[in-house]
Amino acid sequence: MPAIPAHRAPGASPVHPGWLRIQHWLNALAVGVMAASGWRIYNASPLFDFSFPAEVTLGGWLGGALQWHFAGMWLLAGNGVLYLAANLATGRLRRKFFPLSLRGLAADLGAALRGRLSHADPRRYNQLQRLAYLFAMADIALLVASGLVLWKSVQFELLRELMGGYEGARLVHFYAMALLAAFVAVHVLMVAVVPRSLAAMIRGR
């Protein structure tokens, strides 16, 4: 009788602990709310020569969109702080996302381009996943920081100046959200390629 792989053995620890799965879906909710309401806010004062279709925005009007955006902001920021605290306290941040090296990234990128990147062990992140998740953490931190400038420009004067003023902060916020949307799109694509990763994030296994 063939041996059951360790990551599927009965009684084995979950791929993702319960606290992580809850925070993952809270983050997904927060990002969805902030993106849709942010597009409505953007439409009120566009940075570029385009606007988002009203059907994909949230809030109905500028005031309503701002209320939704603030609600999403507090959820994203609070959940993010708890996520980092839990990862640091449990040592998960070091175990899951490091080490990270240029040689390892190049090797995994080459394997991915050839369709040979292994996903046999869902408990272990490859180098590309590590980089992508670390990037998402940094990008969300930048989103929150630039959002604080747009919300309370006078109170966060130093942050405002570091971003090149209020209009600079608007650009930083826009591009940071665009990059996060790109991350989400790639993330969803990878879930389609490896469907069991979705089950692991719902059931833990």
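## A stacked pair of rings

At 37% relative accessibility, F50 counts as partly exposed, a label given to residues between the buried ones, with under 20% relative accessible area, and the exposed ones, with over 50% (1.4 Å probe, protein chains only). F48 also counts as partly exposed, at 31% relative accessibility. The model is a predicted one, in which local features need pLDDT of at least 70 and side-chain atom pairs count only at pLDDT 80 or more, while totals for chains, interfaces and linings use all residues. Residues are numbered from 1 along each chain as its sequence is written, and side-chain values use heavy atoms, with hydrogens and water left out.

The structure holds 16 aromatic pairs, where rings of Phe, Tyr and Trp (its six-membered ring) pair if their centres lie within 6.5 Å, and planes under 30 degrees apart count as stacked, over 60 as edge-to-face and the rest as tilted. F48 and F50 form a stacked pair, with 6.3 Å from centre to centre and 0° between the planes. Both F48 and F50 belong to one aromatic cluster, together with W39, Y42, F52, F174 and Y175.

## A pair between two helices

The rings of Y133 and F183 have their planes at 75° and their centres 6.1 Å apart, so this pair is edge-to-face. Because Y133 lies in helix α5 and F183 in helix α7, the pair ties together parts that are 50 residues apart in sequence. F183 is buried, with a relative accessible area of 18%.

Helix α7 also contains V186, which at 49% relative accessibility counts as partly exposed. Between the C-alpha atoms of V186 and M201, which are 15 residues apart along the chain, the separation is 16 Å.

## The chain as a whole

The chain has eight helices and zero strands, taken as DSSP runs numbered from the N terminus (helices are H or I, at least four residues; strands are E, at least two). Its C-alpha atoms fill a box of roughly 65 × 35 × 35 Å, taken along the principal axes. Of the 205 residues in the chain, 35% are buried. Among contacts (heavy atoms within 4.5 Å) between residues at least 6 apart in sequence, 65% join residues at least 24 apart.

## Helix α2

Helix α2, residues 62-90, has 29 residues and reaches 41 Å from its first C-alpha to its last, close to the 42 Å expected at 1.5 Å a residue, the expected span being 1.5 Å times one less than the number of residues. Its buried residues include G63, H69, M73, L76 and Y83, and the buried residues of α2 pack against α1 (18-44), α3 (92-97), α5 and α7 (165-193). Just after α2, G91 takes a positive phi of about 80°.

R130 is found in helix α5, residues 127-151. Although R130 is buried, it has no salt bridge, and the nearest side chain of opposite charge, D108, is 7.0 Å away; a salt bridge needs a side-chain nitrogen of Lys or Arg within 4 Å of a carboxyl oxygen of Asp or Glu, and Lys and Arg count as positive and Asp and Glu as negative, with His and the chain ends not counted.

Not counting residues up to four places away in sequence, R130 touches K96, F97, F98, P99, L100, R124 and Y125. Within this group, the peptide bond from F98 to P99 is cis, with omega near 5°, and P99 lies in the loop between α3 and α4 (102-113). K96 lies over the face of Y125, at 5.2 Å from the ring centre, where a charge sits over a ring if NZ of Lys or CZ of Arg is within 6 Å of the ring centre and within 35 degrees of the ring normal.
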